[in-house]
Every structure is written in structure tokens, then in C-alpha cells.
Amino acid sequence: MKTILQTESSECGLACIAMVAAHHGHQTDLAELRRRFSISLKGATLNQLMRHAASLHLSSRPLRLELEHLEQLQLPAILHWNLNHFVVLSAIRRDLRGNVLATIHDPATGARDYSMPELSRHFTGVALELSPTAEFEEKKAVRKVSLTELTGKVIGLRWAIAKVIMLAVALEVFALASPLFNQFVIDEVVVNGDRELLKVLVLCFALMLVTQSAISLARSWVLMRWGTDVALQWSTRVFTHLIRLPVSYFEKRHLGDVVSRFGSMNAIQTTLTSLFVESMLDGLMALLAFGMMLAYSPKLTCIVLGGLAAYIALRALAYHPLRAASQERLVLSAKENSHFLETVRAIVPLKLFGREVERRARWLNLKQDVVNRDIQTQKLGILFKLGSSTLSSGQALLLFYVGALLVMDNALTIGMLMAFTSYSTTFTGRVFGLVDLYIDVKMLGMHAERLADIVKEPAEPEDAFEADVSRIAPAITLRNVRFRYAEGEP
């Protein structure tokens with residue numbers, strides 16, 4: 001079951017309904033539910049959740065029960081949590097030791113397993129079963145926001161990319177020629193003892209290195225200038241839209257959460273301007289290196305392809321745990337930042353009422369949650385690095401063994417083996433970079449969804465004119481005025 005994290009501080013109920021509806025086949029997102037159902041700053045009551053669920057053709061059955069009866073619930077079900085929150089119970093199972101574990105999808109923090117003693121400290125005893133009615137309609141996943149919708153028009157983009165591509169092509173030519181130089185030195189110069197030819201080759205190679213360094217410097221300069229221009233244009237556009245949003249947008253979100261969502265723009269911009277552009281020609285270079293490898297030895301090429309397949313499988317296995325950990329880390333960090341910023345802004349009344357120790361204790365708990373999440377993420381990273389280094393070492397050892405046998409059988413020369421090793425390093429490095437880039441782009445979807453909460457939110461209309469109101473006498477008259485915080489409220 002996929003966890004849907006809440007955007008506003010009071011929309012945990014909507015997030016729970018979205019998760020249950022998605023489980024039954026009706027894919028929706030919080031933005032759509034937010035437009036359909038208005039939630040006040042106080043949050044939603046159980047009766048409001050039942051009305052919203054009925055609008056999605058989900059029949060409701062509120063229950064009051066004890067912990068030992070949770071296994072009899074029709075899952076997934078919504079649980080009342082900590083007297084002021086809603087979560088989704090998706091599964092109850094037993095571990096190898098026989099302990100009962102409950103899988104809770106918390107819209108505020110993510111999914112985790114709770115033991116029964118832990119669950120009893122949070123569960124209030126109120127649950128809501130939801131089941132599809134005859135009118136319930138399945139719906140495909142909503143279209144995700146595209147990066148072009150987030151970035152808008154970037155001035156000077158095409159010319160910058162054209163310059164980067166031209167410089168990158170020149171660098172790839174030098175990278176392709178370097179292994180041939182090594183092979184020629186070993187097979188022709190060292191074997192024949194030709195010192196004069198060695199001097200000429202070294203001088204030519206030195207000039208090639210100087211030219212390569214100059215081109216690399218020019219490409220880095222272009223990337224730096226382009227990255228700066230993109231960052232300035234994009235941040236200006238997003239900030240302008242942010243300050244035009246209605247007051248209700250900021251009232252329903254913590255300060256740190258807004259800052260965190262605005263900061264997601266930096267992660268997207270960094271990936272697009274550096275990793276993406278620098279890796280644009282990796283595919284072409286990988287194909288050229290692959291062709292050279294096949295020309296040297298198809299048998300050694302199969303070994304390299306086997307290592308590549310193992311690396312792709314390793315990245316695929318690590319993707320979902322790392323994405324879930326990163327997403328949860330963003331939410332926890334936003335909470336900690338919110339508490340910190342709100343504490344600093346309200347330091348005068350806090351000191352007047354003597355609440356410094358209370359705020360400090362709360363901040364320590366939030367900070368510890370972030371640290372614990374970082375530790376778990378680092379454990380996943382350590383395991384991935386261990387698996388990756390093991391694959392690389394095993395591939396290099398196997399190449400060395402089979403290549404030495406081919407040299408002894410006169411199928412390859414020593415120089416050809418050295419050149420093949422260089423080409424295999426280039427091939428694996430470029431393809432690994434493309435695989436990593438693909439994973440990074442998929443991870444950007446997490447940041448794009450957070451930034452879309454700002455960019456896709458309708459802004460207030462701008463005033464078309466300015467009027468001189470200095471001569472108007474101030475007077476306000478109210479007749480039959482009514483107000484409520486949201487639909488369904490008194």
C-alpha cells in the first residue's frame with residue numbers, strides 16, 4: 001500500500017481517505033481532494049470523513065474497539081491517533097518470534113510497524129472501516145506534474161545546451177583516443193625499444209592533455225554560468241508566485257514545511273544543470289566504447305555486460321527503500337525546521353511565560369527523529385556501496401584472469417588487454433552514470449511533488465489598477481454576516 005503524505009497540517013483525514021481509495025483502485029491526490037472538500041485549520045472530524053468518503057462512494061462503518069479486536073477489522077481502515085490525528089492500518093501480522101505487528105501508514109511521517117504495546121500508546125479506540133459501494137469507480141493514477149510545468153520558460157536554454165554539447169563531443173574524442181595511445185606505446189615502443197618514437201608520442205600526448213584540460217575548463221565555465229542563470233530565473237519565478245498565494249495557504253502549513261518545499265527547487269535545479277547535462281553524451285560514448293570492446297574480445301565483453309546487469313539489479317533493489325527513507329527524512333526535517341523557526345520568532349513570549357525548557361525538549365525529540373532516520377538511510381547506503389564495490393572487484397578480477405589466459409594463448413597482446421581494460425572502465429563508468437542519472441531523475445519526482453504544492457496552487461488575482469482613496473471617508477457596514485471555517489462547520 002502506498003503512503004500519501006499530508007501537505008497541510010490539518011489534512012491527515014483527507015490523506016487517509018486518499019490512501020484507502022487508492023487501495024481499492026480509485027487513484028487520486030491531495031490537491032484534487034482539497035479542491036473538492038474544504039478542511040478548516042481545526043482539521044476534520046470523524047463525521048466529516050464519513051461525508052467525504054461517501055462522496056467517493058465508500059461506505060463508512062465507525063467502530064469503537066479494543067486492541068485485541070483490531071485483527072477483525074476490514075483492512076485498510078482509518079484509526080484515530082493521539083486524540084488529534086488520523087492514520088491508516090493496512091496489515092496485522094506476526095513476526096518470527098510470534099509478536100503481533102501492525103503496519104501503520106501515517107500521513108505525517110510515513111509507514112512503519114508498531115508492536116501492540118506501542119500501538120496502545122497512540123490508538124484511541126476509534127476506527128473507521130471503509131468499503132466500496134456499487135457506485136464506486138476505479139480511476140487510473142493522476143498525471144504527475146512535469147518538470148516543464150515547474151520550471152517554466154528558461155531564457156538562453158537552447159544556446160547553453162548547444163555549447164555544452166559541442167564541448168562535450170570534443171572531450172569524448174580525446175577520451176576515445178587515450179586507450180589507443182597506451183596500446184601503441186606498449187606493443188610498438190616498449191617491445192621494440194624505440195626511444196625516439198616514445199619521445200614523439202609523449203610530446204603529442206602532452207599537447208592532447210593540455211587541449212583536453214582547456215576544453216574541460218570551458219565546459220565547466222559554461223555549466224556554471226548556465227546553472228546560475230537557471231537558478232536565478234527559476235527561484236525568482238517561484239518566489240513571486242509564492243508571495244501571491246492566499247493567506248489561507250500559509251495558515252494551513254508550518255513555516256518549515258513551506259521553506260522545505262521551496263528548497264526542493266535547489267535539488268531539481270542541481271540535477272538538471274549538472275548531472276543531466278554532463279551525462280547527455282554518456283550514451284553515445286558508451287556505445288563507442290562497447291564497439292571497441294567487441295572488436296578486441298567478445299568473451300571479455302560478455303563479462304563486462306554481466307557485471308553491468310548485476311549493478312542494474314542492485315540499483316533496482318535499493319531504489320524503493322532509499323526513496324521511502326529520503327521522503328520520510330524530508331518530512332521529519334521540515335517538522336524540526338518549523339519548530340526551530342517558530343521558536344526563534346516567538347522567543348520573547350516564550351521567555352515571558354518561561355517555556356524555554358518545554359520548547360527545547362520538543363526540539364530535541366524532533367531532531368532525534370531526523371538523526372534516527374539519517375542513521376537508517378546511511379545503513380542502506382553502506383550496504384549498497386558494499387554490494388557495488390564487491391561487484392566491481394569481482395568483475396576486475398575475472399577480467400584479469402580471462403584476459404591473462406587470452407594473452408598466453410596469443411589471442412590478445414598485452415597492449416590490447418590494457419586498451420580493453422581502459423575501454424571497459426569507460427563503458428561501465430558511463431553506463432553506471434546513466435543508471436544513476438535515471439534513479440536520480442526518478443527521485444526528483446519526490447521533490448517535484450513537494451514543489452508542485454507551491455507552483456500549482458492558484459494565486460490571488462493581481463489588481464488591474466490603483467485608485468486614489470484618500471478622499472473617501474472610512475465607513476464599514478455589515479448586514480446579515482455569516483462565517484464558517486470550512487464546509488460542514490457551524
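Colleague: Let's start with Val348: is that residue buried or exposed?
Modeller: Val348 counts as exposed, because its relative accessibility is 54%, and over 50% is the cut-off for that label. Keep in mind that this is a predicted model.

Colleague: Fine. Which helix is Val348 found in?
Modeller: Val348 belongs to helix α12, residues 347-352.

Colleague: Switching to the strands. What is the order in the sheet?
Modeller: The open sheet has six strands, ordered β1-β6-β2-β3-β4-β5, with antiparallel pairing. At the edges are β1 and β5 (110-115), each of which pairs on one side only. On average, neighbouring strands are turned by 30° against each other, with direction ignored.

Colleague: What holds such strands together, in general terms?
Modeller: Strands in a sheet pair through hydrogen bonds of the backbone, in a parallel or an antiparallel way.

Colleague: What about β2 and β6?
Modeller: Strand β2 (residues 77-81) runs antiparallel to β6, and four bridges join them. Ala127 turns up here too, as the bridge partner of Leu79.

Colleague: Why is β6 described as largely enclosed?
Modeller: Because eight of the 10 residues in β6 (residues 123-132) are buried, the strand is largely enclosed by the rest of the structure.

Colleague: Which strands does helix α1 lie across?
Modeller: Helix α1 (residues 12-23) lies across β1, β2, β3 (85-94), β4 (100-106) and β6, at about 40° to β3. Helix α3 (residues 46-55) lies across β1, β3 and β6, and runs at about 155° to β1.

Colleague: Last one, Phe384. Where is that residue, and is Phe384 buried or exposed?
Modeller: Phe384 is in helix α13, residues 356-408. Its relative accessibility is 15%, so Phe384 counts as buried.

Colleague: Which residues is Phe384 in contact with, beyond its sequence neighbours within four places?
Modeller: Tyr311, Leu314, Arg315 and Ala318. Phe384 and Ala318 are 66 residues apart in sequence, yet their C-alpha atoms are 7.1 Å apart in space.

Technical notes:
Residues numbered from 1 in each chain as written. Predicted model: local features only at pLDDT ≥ 70, side-chain atom pairs only at ≥ 80, totals over all residues. Heavy atoms only, no water. Helix = DSSP H or I, 4+ residues; strand = E, 2+ residues; numbered from the N terminus. Buried < 20%, exposed > 50% of the residue type's maximum accessible area, 1.4 Å probe, protein only. Pairing = 2+ DSSP bridges. Axes fitted to C-alpha atoms, helices over the stretch in contact; angles between N-to-C directions. Contact = heavy atoms within 4.5 Å.
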